[in-house]
Each structure stands twice: as structure tokens, then as C-alpha cells.
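This report describes selected local and core features of one protein model. Please consult the sequence and structure shown here alongside the text.

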Amino acid sequence: MIPTLAAPRKTASDRFAWRAEAMLLRAFWCLSRGLSPMRAARMGSSLFRWLGPRLDKQRFVHANLQLAFPELDADTLATRAGEVWANFGSVLAEYPHMQQWRQLVTELEIAPQSRSILEAREPAIYVAAHIANWELAVAAVSGLGVPLSVVYAPQGNPLVNELIQARRKSFTDCRFVGKKNCVRSLLTDLRDGRSVGMLPDQRADVGEFLPFFGKPAQTSISPAWLALKLGRPLIPVQIERLGAARYVVRIHQPLLPQDRYGARAEALQLTTELNALFESWVR
């Protein structure tokens with residue numbers, strides 16, 4: 001996820017910082033747009049592999065890697081942190097090329113049951129994680145002809161938020177819904193025949209504490225709740241980076257609501273299964 005700032009404040013210094021950050025992003029994207037997708041991704045990777053460890057966010061990256069991989073020594077953790085930043089730089093540089101998402105996706109794997117749901121344009125809840133280039137999950141599903149309403153967390157910098165949303169306008173029949181108080185809108189869209197896209201692995205301000213990398217993590221159960229509420233399939237979408245501007249998209253078998261334990265317990269069980277799947281992708 002693109003790092004967000006604190007809640008917006010209307011001070012002169014904040015407005016200056018927002019403008020400066022937006023100008024840097026525009027310049028970076030202008031440079032990236034003039035390169036091929038592969039060269040842009042490599043440029044972004046090299047830049048952020050150097051820059052990232054010098055930013056305040058490095059301590060969060062390092063702490064999360066320690067939590068996920070406690071067996072790694074300090075040197076290996078530092079190398080992994082560099083790879084995290086390199087991937088982020090590549091993703092940022094790939095934004096200007098996102099409208100040609102099929103140039104970035106070299107492999108598209110669709111599980112048989114999910115293929116039938118896609119071909120029938122059956123409303124579903126598609127869930128992905130913030131790994132590789134997470135934007136490709138939205139680009140690929142909507143690009144396959146699925147009308148999609150995507151939940152997103154607005155950036156703290158409103159100018160950067162506008163720039164990102166402008167890039168996303170190239171996605172086919174896709175609309176973005178701010179995550180605050182979005183459930184009613186999503187229910188309406190699902191009933192109207194649209195599907196929903198969510199990236200529920202980000203930090204949740206409210207949710208249930210469920211296992212993730214062996215620790216209780218506050219986790220949103222909204223995707224599972226929506227699936228159970230309307231009896232819709234919950235379909236995981238995995239993005240894996242193969243190289244610079246080269247990806248495989250895997251649309252997995254749906255996690256089907258079965259009402260095995262009652263609504264609340266079933267939502268917790270489905271979300272626990274989803275957390276375990278995300279953890280396996282990260283590992």
C-alpha cells in the first residue's frame with residue numbers, strides 16, 4: 001500500500017508538504033511514462049531499494065519482517081527489507097503503464113469454478129493482498145469484464161489521492177468506494193449485479209483479533225460478512241511478481257459460505273482461512 005500520512009490538517013506547512021509530495025510523484029510518473037514498463041520498474045526498484053531504508057517507514061518494515069520471519073538473521077532481514085522497498089518502487093513506477101495491464105501480466109491462471117463465475121458475470125467478492133502489484137488484481141478482474149466496486153482507503157495527502165484515482169480511471173467498468181461507511185453501498189451494488197473488490201489485509205481500526213503469522217491481528221471480517229449476507233462466493237486473487245513489470249495473476253477457487261457454524265462464527269472461520277492464505281502467499 002502507498003504509505004499514507006496523518007489525518008489532513010489545513011496548516012500552511014501541511015499544504016506545502018502535500019504540494020511538494022504531489023509534484024515529486026508527478027515528476028516520477030512523467031519519467032516512468034517515458035520508459036518501457038520493464039525499464040520503468042527497474043528504475044523504481046533501484047531508486048527505492050536505496051531510498052527506502054533511509055525513511056522513517058523502515059522501522060515498520062523491519063518490525064513486520066521480524067514478526068513474519070523470526071528465524072532470519074539481521075543481515076538477511078536487511079536484505080529482505082531492501083526487496084520490500086524495491087517492490088514498492090517498481091509498483092509506483094508501473095502506475096503510468098497500468099492501462100496496458102495485459103502487457104504486465106504474462107500468466108493468467110483461473111480456477112475452474114471461479115472461471116464459471118467470471119464467465120457468468122455472477123456477483124462475487126474478490127479479495128487480494130498488498131503484495132507484488134496489488135493494483136493488478138483490480139485491473140485484471142475488471143478487465144475480464146466484471147463490473148467491480150472497489151473499496152479503497154483514501155491517501156492522507158488529498159493531492160496524491162487525486163493523482164492515484166486519476167490513474168485508476170483507466171480500469172474497465174470499475175468504481176472506487178471510500179472504505180468509511182461503505183457497507184450499505186456495497187450491499188446495494190452486489191444486489192444490482194456488481195461484484196466487490198477488497199484488500200482486507202491492511203490495518204483495521206475495527207475488527208476481530210484473528211491469527212496472522214502466529215499473532216492475533218485485528219482483522220476486518222467485512223468480506224466474509226458480505227459473502228454470507230448475500231450468499232455470494234469469496235474469491236481470492238493472488239498477484240505474484242516474476243520480474244520487472246512481469247506478473248502472474250492467480251484467481252483461486254472461491255471460499256464458499258457454508259453456514260457451518262452460524263453467521264458470526266462462519267464469518268470468523270472464513271476470515272481465518274483467508275488470513276492463512278495471505279500468509280502462505282507472503283511466505
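## Arg-250 and its surroundings

The side chains of Arg-250 and Glu-240 form a polar contact at 2.5 Å (a pair of N or O atoms within 3.5 Å; within protein, one must be able to donate a hydrogen and the other to accept it, and residues adjacent in sequence count only if both atoms are side-chain atoms). The model is predicted: local features need pLDDT of at least 70 and side-chain atom pairs pLDDT 80 or more, whereas totals for chains, interfaces and linings use all residues. Residues are numbered from 1 along each chain as its sequence is written, and side-chain values use heavy atoms, with hydrogens and water left out.

Arg-250 belongs to strand S9, residues 246-251 (strands, E, at least two residues, and helices, H or I, at least four, are DSSP runs numbered from the N terminus). Arg-250 counts as partly exposed because its relative accessibility is 23% (buried is under 20%, exposed over 50%, partly exposed in between, with a 1.4 Å probe and protein chains only). Beyond four places in sequence, its contacts (heavy atoms within 4.5 Å) include Glu-109, Pro-236 and Val-237.

## Nonpolar cores

A nonpolar core is a set of buried Ala, Val, Leu, Ile, Met, Phe, Trp, Tyr and Cys residues joined through side-chain atoms within 4.5 Å. The largest has 58 residues, of which Trp-29, Tyr-126, Leu-136, Val-237 and Ile-239 touch the most other members. Helix H4 gives the most to this core, with seven residues.

## Helix H4

Asp-73 caps the N-terminal end of H4, with a side-chain oxygen 3.3 Å from the backbone nitrogen of Asp-75.
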